[in-house]
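Please look through the structure below.

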Amino acid sequence: MSKSCKGLAMELVKCLSETDCVKVEKRSYRECAGEKAPSISSECVGLRETYFNCKRGQVDMRARIRGNKGY
């Protein structure tokens with residue numbers, strides 16, 4: 001279950017690497033992922049929220065029994 005969010009994490013990093021926040025401003029991925037400015041596309045924001053829900057599902061006991069939905 002620890003690797004169930006790995007695909008989402010890779011997609012999020014790929015999406016963030018194409019934004020102006022990383023390219024132009026040369027900020028870290030962590031800083032750009034936490035930002036809500038228009039420099040991040042809505043696709044990246046959606047991936048960020050999906051990744052968050054995936055990671056939260058890893059500590060949810062109900063999801064641990066059923067297994068995480070993953071990617």
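L47 touches L8, E11, L12 and C15, leaving aside residues up to four places away in sequence; contact here means heavy atoms within 4.5 Å. This is a predicted model, in which local features need pLDDT of at least 70 and side-chain atom pairs count only at pLDDT 80 or more, while totals for chains, interfaces and linings use all residues. Residues are numbered from 1 along each chain as its sequence is written, and side-chain values use heavy atoms, with hydrogens and water left out.

L47 is also among the residues with the most contacts inside the largest nonpolar core, together with L16, C32 and C44. That core has 13 residues. A nonpolar core is a set of buried Ala, Val, Leu, Ile, Met, Phe, Trp, Tyr and Cys residues joined through side-chain atoms within 4.5 Å. Buried means under 20% relative accessible area, exposed over 50%, and partly exposed in between (1.4 Å probe, protein chains only). At least two residues of this core come from each of α1 (6-17), α2 (20-23), α3 (29-33) and α4 (42-59). With 4 residues, α1 gives the most. Helices are DSSP runs (H or I, at least four residues), numbered from the N terminus.

Turn now to the charged side chains. A salt bridge is a side-chain nitrogen of Lys or Arg within 4 Å of a carboxyl oxygen of Asp or Glu, and the count by this rule is 2. R27 pairs with E25 at 3.2 Å, N to O, and with E31, where the closest N and O atoms are 3.5 Å apart. R27 is partly exposed at 29% relative accessible area; E25, at 42%, is partly exposed, and E31 counts as partly exposed at 43%.
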